[in-house]
Structures are given as structure tokens and as C-alpha cells.
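Hi there,

Here is the structure I promised to pass along.

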Amino acid sequence: MADLQDQREGLLAGDHLAEEEEEEQQQHLGGAAAEAPQGSKHLGSEQAGGDEEPASPPPEPERSLLSRAGSITGLPQRAPPPRQSSLFAFCAKTSAWFTGTLLLGVLLSIGLVVLVLPPPGQGGIPSCRSGAALTVLPPGLASSSGSNGSSLQHIVVWSGRGQSGAMYRGVYTFNLSSLSWQKLKDKGWGQQQQQPEGQQQQPQQQPGGSRREAQWLAAPSQPSRAQQHTQSWRQRWQQRRRPHPPPPPLPAARWQSGAVPVAGLGMLVHGGDAPRSSGKGKQPPSSNSTGDAWLLRLPELRWQQGCACQLSADTGECVASPEAPTPSPRRAHSLVSYQDEDGTPALLLFGGRRGDGLLLNDVWKGTLSMTGNSSCQFGINWTLLHDPQAGQGGGPAPLPRKGHVAAMQGSSRMVIHGGRSDVYGSFTDVWAFSLDDGRWEPLPPARAVQPAPREHHGAALYQGQLFIFGGRYGSGSASWPIGDRWLFNLDTREWRQLPIRGLSPLPRFLFSSTQYSPAGGGPDQFVVFGGETGGECRLNDVWRLGLGTLHWEQLSAPVFATLHCRQLYG
């Protein structure tokens with residue numbers, strides 16, 4: 001209808017314009033007649049007579065309004081467009097609004113993910129974590145980590161708890177020369193590799209004949225191409241139907257475990273918290289203290305599973321037995337390694353928190369035996385040396401605790417510091433356990449100057465002085481990380497705080513640390529990796545301290561896991 005009305009208005013406007021053109025033409029003719037010469041007018045008047053009147057213009061033809069209306073109504077009528085249903089229009093608008101809202105939500109989600117999640121790791125950088133296991137590869141064994149030099153050393157990091165609470169797997173190595181990370185896959189200590197397909201076994205030489213004759217007798221006739229195709233198809237079919245051997249066992253991901261380097265063997269990991277899913281939707285995984293032992297064997301960097309064993313009275317070998325005494329499953333305990341008087345690798349374990357929450361203060365000695373069996377690749381002969389709660393041993397003893405540090409002084413004395421108890425809070429006391437008489441000795445400071453009580457810190461013992469760094473002070477919401485450094489002289493029993501000079505790591509706790517001797521000689525080094533700092537931000541940086549110069553050196557910068565942590569610490 002709107003189009004028909006527009007056409008009618010157009011026709012009326014056209015008629016109006018035609019009338020105006022005719023009027024303008026009449027006016028033009030009248031003006032031309034007025035401008036004629038006076039002689040022609042006089043001549044015309046004389047011929048026509050003086051009494052005749054001038055001729056009038058012809059009348060304008062009449063235009064009928066009916067014919068105009070008829071010309072308008074004679075146009076072809078167009079059918080009006082069909083009216084859309086109100087329900088259909090509502091559905092179309094609703095779907096368009098929903099689609100736009102969905103696309104906007106997806107774009108906002110992608111933007112938040114890009115801002116919140118950490119940038120992708122470069123060169124296999126491990127994610128931020130705390131409570132990881134750490135050791136340093138000795139010189140000559142770094143070639144398995146991708147290095148060609150025998151004098152290079154690598155840091156090895158395994159497992160730990162991430163920013164979101166997830167447990168990480170995988171082995172990471174850090175080259176102390178090129179300062180680069182490399183990620184390796186967890187590999188178990190499986191059976192010997194089978195002979196590759198298509199590689200024929202060497203024929204055994206028969207007695208009384210030459211090797212060439214034996215090869216000629218053992219060499220089969222060359223099959224045709226069709227026979228080769230049939231044989232290859234049958235071999236592939238048989239391999240598919242053949243059951244694959246089970247994969248070798250691997251340790252469960254964990255944190256707060258005891259990890260120490262064992263000379264000539266690798267990194268030994270014992271216990272820790274390996275959370276397991278409760279299977280009830282979104283509930284966080286429950287704590288699960290473990291008591292197993294694993295050895296990351298060098299130079300293959302493959303895991304070997306250990307088991308408890310007992311010395312046989314007949315052969316003197318350590319035989320695996322389910323009845324052998326073992327420490328109870330625990331986490332946040334201390335573990336040190338040394339070599340006993342026979343040169344056998346040995347361990348000393350102290351304290352920690354049991355799976356049911358009970359704090360411990362027992363001392364266990366473990367002697368390693370590399371004679372394995374079908375269920376494990378090495379054995380540990382555990383012996384309980386001191387346990388006041390079980391009535392084992394005498395004399396004073398440190399209170400039950402967790403989160404303390406321990407270091408070996410020689411091969412006959414273990415020194416511990418700090419830790420925390422649920423009843424008495426954090427400690428700052430120093431104790432020494434003697435392997436000669438199996439007794440504890442308190443080492444009170446000679447002066448009142450001493451560090452603040454702490455837990456989950458790091459320690460190293462060098463030239464008769466106990467070095468401690470970092471830790472957590474307080475408990476619960478009223479706790480915070482600390483980053484000071486202290487030296488305790490075991491002879492004079494005096495504490496000395498070290499001033500901060502130059503670069504220094506962020507205050508942290510639950511980090512991984514170890515002491516090692518550099519390949520080129522010189523004073524021992526103290527390495528720190530990861531941990532947790534303020535704002536519940538976890539780290540993945542690497543720092544090294546020379547125990548001779550007591551100066552820090554940053555080897556790797558942190559890559560924070562969340563935008564909140566990046567805003568706090570850059």
C-alpha cells in the first residue's frame with residue numbers, strides 16, 4: 001500500500017509540472033508577440049481594418065479530474081507483503097541476542113585465560129611449585145641429560161605441588177653451564193630391550209665346522225615378493241594379538257618428601273604426601289602419606305623401586321621380606337645420606353608427620369643393597385636407632401616435629417634445626433645425633449642472639465658451620481615467609497646473621513635445596529629452587545650460593561603462574 005500511495009503522489013506531481021510548463025509556454029508566446037515591430041503591427045491593422053479588435057489566445061484545454069484519477073487507479077495493484085507472525089519475530093530476536101551474548105562470553109573467557117594463565121614454558125621450564133625433590137648430577141654423568149661435556153653438572157627436579165594444588169610429574173634437568181632447562185619423561189627400570197624386528201640372530205657355530213659353513217647352513221632361502229608380503233602381514237597380525245608387557249612401575253607424584261643424593265647411584269626419594277582423589281566431584285584430593293622408596297638411577301635417569309629387606313644369616317645378603325621393619329609412612333621429615341664405615345651407602349631418617357596426623361621424633365638408619373628381585377630393584381635394610389615414644393634409646397631427645405632441616409657432619413653425626421609442633425609452635429633449637437652411642441645432644445646457643453623460629457627452610461653444613469636460609473615463621477593465617485641467612489658455629493655454638501649484599505632470593509618456604517661440590521673444585525655450593533612466597537605465590541627460579549663467599553647468584557628468573565603474583569613481584 002505504501003508503494004501505491006507513492007506512485008499516485010508521483011503522478012500528481014507530474015501533472016502539476018506539465019501545467020506549469022504550458023503556462024510558461026503561453027507567456028513566452030505572448031511576450032514574443034509584444035516584441036514584434038511596430039510596422040508589422042500597423043500593416044496588419046491596415047489590412048484588417050482599423051475597427052477590428054486584436055485576436056485572443058486559444059482557450060486552454062480542460063483536464064478532467066476523473067481522467068487523472070482514472071490514470072492513477074488504472075495502475076496494476078501490488079499485493080501487500082505477508083505479515084510475519086509475532087512468535088516468529090520473537091524467536092528470531094531471542095536467538096540473535098543469545099548468539100551475541102554467547103560470542104561475547106567466549107571472547108571474555110579467552111581474554112581472562114590469557115591474562116590469568118602463565119605464558120607457555122620455553123625450553124621445558126618447570127611450572128611454579130613447592131616441595132619438589134632436587135639433587136645435582138655428579139660430574140661425568142651429565143651426558144645422559146643432553147650434554148657432551150663430562151665436567152658439566154645438572155640440577156634434577158622432580159614432582160612437587162603447583163599453584164592450583166595439582167601434583168606434577170616428569171623429570172627436569174637444569175644445565176649449570178648453559179643455564180637452560182630440559183624436560184624428560186618419567187621412565188621406569190624395565191626389562192632389557194628386545195631385539196629389533198628384522199634383525200636376525202647370529203648363528204651359533206657348530207662344533208667341528210667353520211663359522212662360514214654355519215652361516216651358510218643357517219641362511220634361509222630368499223622368499224619371493226608375495227611370500228615376503230604374506231609373512232610381513234602375518235607378523236603384524238601376530239604382534240597386534242600378542243599381549244603387550246605391562247609398563248614398568250613409576251613413583252606417584254608427591255611433595256614434602258625426603259630426597260637426598262646417593263653417591264654413585266642417583267637421587268633417592270622416600271615418603272611424602274601423594275594426594276589421591278576422593279572421587280566425590282569437586283572435593284579436593286585427600287592427603288596420603290607414603291612410605292615407599294624410589295631411586296632415580298644414574299646415568300640412565302630411570303626409576304628403580306625399593307623394598308625393605310633383611311640380612312640373611314646364611315649368605316649375608318639383604319633379602320626382601322614383608323616382615324622387615326620399616327619406618328611408618330610420613331611426610332615433612334628429614335633424610336640425609338652418608339657412607340658408613342664399610343663404604344656402603346646409608347641413610348638417616350628423622351621425624352615428620354604420620355598419615356593420621358601424629359608427629360614423630362624417631363631415628364632410622366637404612367643401609368642400601370643393590371641386590372634386587374622380581375618386585376624391586378634394590379633393598380633397604382632399616383634399623384630403628386632411637387624412638388622415645390616407643391621406649392627405644394635413652395637420654396634427652398628433641399620434641400616430635402615436622403618441617404625441620406638436617407645435615408651430616410662427617411659420617412657419624414647428624415645435626416638438625418628448627419621445625420614445628422602443633423602444641424609448642426615453631427622451634428629454633430639445634431640438636432646433634434651421634435651414631436657412635438645412639439644418643440641425642442642439645443646444642444644451646446652461647447649467646448642470646450639466635451634466628452627466629454621457623455619451618456620448611458633449607459640448610460647446609462660446611463667447615464663446621466651450619467648455614468640456614470628462609471623458612472616460614474608463625475602458623476596459619478598469622479604466618480609469613482622469611483628470607484634471612486644465619487650461620488651457627490658448632491664449636492663455639494654462636495649464631496651470626498649474614499648481611500644482605502647484592503641480589504638475594506625472595507623470602508620463601510617449602511623450597512627445594514641441596515649442597516654439592518662443583519666439578520672444577522672450590523668451595524661447596526648451595527642451590528635453591530622454587531618454593532612459596534607471600535601472597536600464596538609459588539616460584540620456579542634457581543639461585544646458587546657459594547658457601548665460601550656467601551654471595552647469591554641468580555641462575556633462572558621466576559615465571560609466575562598467575563596475574564596476581566606477576567603484579568606483586570613483577
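A residue is called buried when its relative accessible area is under 20%. With 9% relative accessibility, Cys318 therefore counts as buried. Please keep in mind that this is a predicted model.

**Disulfides**

The structure holds three disulfides, and counting bonded cysteines along the chain gives the pattern 1-4, 2-3, 5-6.

Cys318 is bonded to Cys309, with an S to S distance of 1.6 Å. Cys309 counts as buried because its relative accessibility is 1%.

Another disulfide joins Cys307 to Cys376, with 2.0 Å from S to S. This pair links distant parts of the chain, 69 residues apart: Cys307 belongs to strand S10 (residues 302-311), while Cys376 sits in the loop between strand S15 (359-369) and strand S16 (378-386). Cys307 and Cys376 are buried.

In the disulfide of Cys537 and Cys565, the sulfur atoms are 2.1 Å apart. Here the torsion about the S-S bond is about -95°, so the disulfide is left-handed. It links distant parts of the chain as well, with Cys537 in strand S31 and Cys565 in helix H7 (residues 563-569), 28 residues apart. Both Cys537 and Cys565 are buried.

What about Cys128? It takes part in no disulfide, and the nearest cysteine sulfur, which belongs to Cys565, is 7.6 Å away. Cys128 has a relative accessible area of 3%, so it is buried. Cys91, at 42% relative accessibility, counts as partly exposed.

**Salt bridges**

Next come the charged pairs. Side chains of opposite charge can pair when their charged atoms come close. The structure holds 13 salt bridges, and I will go through some of them.

Where do the partners Asp541 and Arg508 lie? Their side chains meet in a salt bridge at 2.9 Å, N to O. Asp541 is in strand S31 (residues 537-546) and Arg508 in the loop between S28 and strand S29 (512-516), so the pair ties together parts that are 33 residues apart in sequence. Asp541 counts as buried because its relative accessibility is 2%, and Arg508 counts as buried because its value is 0%.

Glu455 forms a salt bridge with Arg472, and the closest N and O atoms are 2.9 Å apart. The two are 17 residues apart and link distant parts of the chain, Glu455 from the loop between S22 and S23 and Arg472 from strand S25 (residues 472-473). Glu455 is buried, and Arg472 is too.

Arg493 pairs with Glu441 in a salt bridge whose closest N and O atoms are 3.1 Å apart. Arg493 lies in the loop between strand S27 (485-489) and strand S28 (494-498) and Glu441 in strand S22 (residues 439-442), distant parts of the chain that are 52 residues apart. Arg493 counts as partly exposed because its relative accessibility is 24%, and Glu441 counts as partly exposed because its value is 35%.

How many residues of strand S23 are buried? Five of the five (residues 458-462) are, so the strand is largely enclosed by the rest of the structure. Both faces are covered: Gly458, Ala460 and Tyr462 are buried on one side, Ala459 and Leu461 on the other.

Strand S23 is joined by five bridges to strand S24 (residues 465-469), and the two run antiparallel. Across this pairing, Tyr462 stands opposite Gln465. The strands form a hairpin with two residues between them, and Gln463 in the turn has a positive phi of about 55°.

**A nonpolar patch**

Finally, the surface. Trp97, Phe98, Leu102, Val106 and Ile110 make a nonpolar patch of about 560 Å². Trp97 is found in helix H4 (residues 86-116), and its relative accessible area of 59% means that it is exposed.

Notes. Residues numbered from 1 in each chain as written. Predicted model: local features only at pLDDT ≥ 70, side-chain atom pairs only at ≥ 80, totals over all residues. Heavy atoms only, no water. Buried < 20%, exposed > 50% of the residue type's maximum accessible area, 1.4 Å probe, protein only. Helix = DSSP H or I, 4+ residues; strand = E, 2+ residues; numbered from the N terminus. Pairing = 2+ DSSP bridges. Salt bridge = Lys/Arg side-chain N within 4 Å of Asp/Glu carboxyl O. Patch = residues over 30% accessible without salt bridge, like charges linked within 9 Å, V, L, I, M, F, W, Y side chains within 5 Å. Areas by Shrake-Rupley, 256 points an atom, 1.4 Å probe, with all protein chains shown as cover. Disulfide = S-S within 2.5 Å.
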